[in-house]
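I opened this notebook to record what I looked up in the structure. My entries follow in the order in which I took up each topic.

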Amino acid sequence: MKKWKSLMIGAVAAALAVTAAGCSSSSTEEEQVLNIYSWADNFNPDVIKDFEQKYNVKVNYDIYGSNEEMLAKIQAGASGYDLIQPSDYMVATMIKLGLLEELNKENIPNEKNIVSTFQTPPFDPGNKHSLVYTWGITGIAYNKKYVKGEITSWQDLWNPEYKGRVIMLNDPREVMGVGLIKNGFSNSTKDKGELEKAFADLKTLLPSVVAFDTDNIKQKMIAEEAWIGTVWSGDAAIINGENPDVEYVVPKEGATIWADTLAIPKGAKHKELAEKFINYLMDPEVSVKNYEWIGYSNPNEKAYPLHSEEYRANKMIFLDKEDMARAEWLVDVGDTLQEYDRYWTEMKSGR
Amino acid sequence: MVAGRRGDAHLKNGKQLKILALPAFVWLGALFVLPMLMITALSFMKRGTYGQVVYEFTLNNYARMIDPLYIQIFFDTFLVAVLTTAISLVCAYPMAYYISRMDRSAQKIWLLLVMIPFWINFLVRSYAWVIILRSQGVINTFLLSTGLIQEPLPLLYNFGSVMVGMVYTLLPFMVLPIYVSLEQLDRRKLEAAYDLGATPWKTFWHVTLPLTKSGVITGSILVFVSSIGMFVVPDVMGGAKSALMGNVIQNQFLSARDWPFGSALSIVLMLLSMVLIYLYYRAVNAAEAKEGTA
């Protein structure tokens, strides 16, 4: 019985460590190594394998779940990463904090393949530190089985018929963005009156919300747990592939456009190799293989005619020009983020 | 017990005992005390415009907490923690009692069953609950097919599902310590009580319960402390709709990029839990003292 007791104490102690910590891999210097720190499933594994073989290098691929997680690791220094994929607003923040290397464009001749719309994004004008990799628009996804009639406006989320079936992204800027855009304001306002108005509006939506979710929003839409909600265009394409009843629309008031980029953190040990990899990814044929696997929109203009008919015809992947014209980038709001966060906390306080 | 103590006597003189404590001491010093001090220091710093930490002294992070919003969330957090502890205690005690009364081989099997959930990652088990409770989930599909209900029941993403998840996750922490104290219980004392004419209920109330007090206290503190910092269950099973303090703190370190405020919230949460645990400890002891004089 003694043995059992000590075993039990061990089990309790082990269970106390509920949180798991991720570790990064270290690099061996003999062969050239490229250390990537990115989102999950953000590359076709075959594309990485091809690159490894072609240039006789080794690629390590670590993943993060949020921009802030990545920022914390890069800020701590000596992360050992050569290539990261911050989103738009995070690029701006990291440039201001001096955490990104300038890209040497001489090593990235394929840069010219990027569609002109993404050559001068407001978060990094002139693409000095970053290049757009994947992008999309946060619009409304809805299930035709339950949602009758045409969906055109953010106001449709407030329809009492969908009470308890509305899903929202679990992200303060995205959700506040919906409230702000619906009321005709900028999604990155610093005006307290506008924020307050957007919040008051969103508060009336809360009783309809079934859940806030980013990581598993796809499953909730596929399983018809939620009927309507705010979904990224690329995610909508994936949902639609599994559940063809789910449609997607960019509301008439406008929406938030976002991008994940390719960037190099300050002090990266293999900067040149990272640039070589970026250039490789922007090769038209490579990008076709890569993006059809990821299922997100390819910003590579030269690759367009090479894509399959099915991929090109998908409206959730290739958004209309008019939809894009209405979309607005999120911009870092500096100290006002505290206001956003307080409203977010209040929305989630369950009252 | 007495014999054991006498056997250890030769170790008591001098450095040998200290050496025994050294590994744990170093471990806690490096991995608990140091981070603790850093969090405390951080809680008096400022947030820079872009979320960096500015090393200037301020009390503002604590002043910001004097806001009905945060006070309410502190209150909700403690309410959920107290409820979780109480429900766990009520469920765990009879179960531990039952296990302690079985023969040795059956006990081993039952204890194994209590511990088996730990072999599977906690997050995975939470998602398993989602599959069971969601509107196209196991329960609703079954009830719909039997014709008992016409519309799926809203079993998920509410206060009830959060409580189910909390108690499910933390119940073993209550069962195991209570079981250990019941197992150590000197049965002769129970026989003495019966011999003196006490009813089973009276025996339980005046003999068994006071003698297993240490298990109840240990279990309660383990469950209470774990539920105070919980953020996975409200997110996954509550639909991230009613944030507990754990969620608010997590948010400060992620989307709000306000580490100083997050640190200050952590410190206050910790101090408040310590006060509550102390009060609980005192209340249990006071009840026992009263019991002694009665």
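Entry one. I began with Gly295(A), which takes a positive phi of about 85° just after helix α10 of chain A. I note that the model is a predicted one.

Entry two. I then looked at α10(A) itself, which covers residues 284-294. Its buried residues are Val286(A), Ser287(A), Val288(A), Asn290(A) and Tyr291(A). I asked what the buried residues of α10(A) pack against. I found that they pack against α2 (45-55) and α9 (271-281) of chain A.

I turned to the UniProt record, an unreviewed entry, which lists Tyr89(A), Asp171(A), Pro172(A), Arg173(A) and Glu174(A) under "binding site". These residues span 86 residues in sequence, yet no two of their C-alpha atoms are more than 13.4 Å apart, so they gather at one spot.

Is Pro172(A) buried or exposed? I recorded it as buried, because 22 other C-beta atoms lie within 10 Å and the cut-off for a buried residue is 20 or more. With neighbours within four places in sequence left aside, Pro172(A) is in contact with Tyr340(A), Asp341(A) and Trp344(A), and also with Ser255(B).

Entry five. Arg173(A) is buried, with 22 other C-beta atoms within 10 Å. Not counting residues up to four places away in sequence, I found that Arg173(A) touches Leu330(A) and Tyr340(A).

Terms used
Residues are numbered from 1 along each chain as its sequence is written. Chains are lettered from A and ligands numbered from 1 in the order in which they are written. This is a predicted model: local features need pLDDT of at least 70, side-chain atom pairs count only at pLDDT 80 or more; totals for chains, interfaces and linings use all residues. UniProt positions are given in the numbering used here, feature names are shortened, and annotations may be inferred rather than shown by experiment. A residue is buried if 20 or more other C-beta atoms lie within 10 Å of its own, exposed if 12 or fewer, and partly exposed in between; C-beta atoms are placed from the backbone. Two residues are in contact if their C-beta atoms, placed from the backbone, lie within 7 Å. Helices (H or I, at least four residues) and strands (E, at least two) are DSSP runs, numbered from the N terminus.
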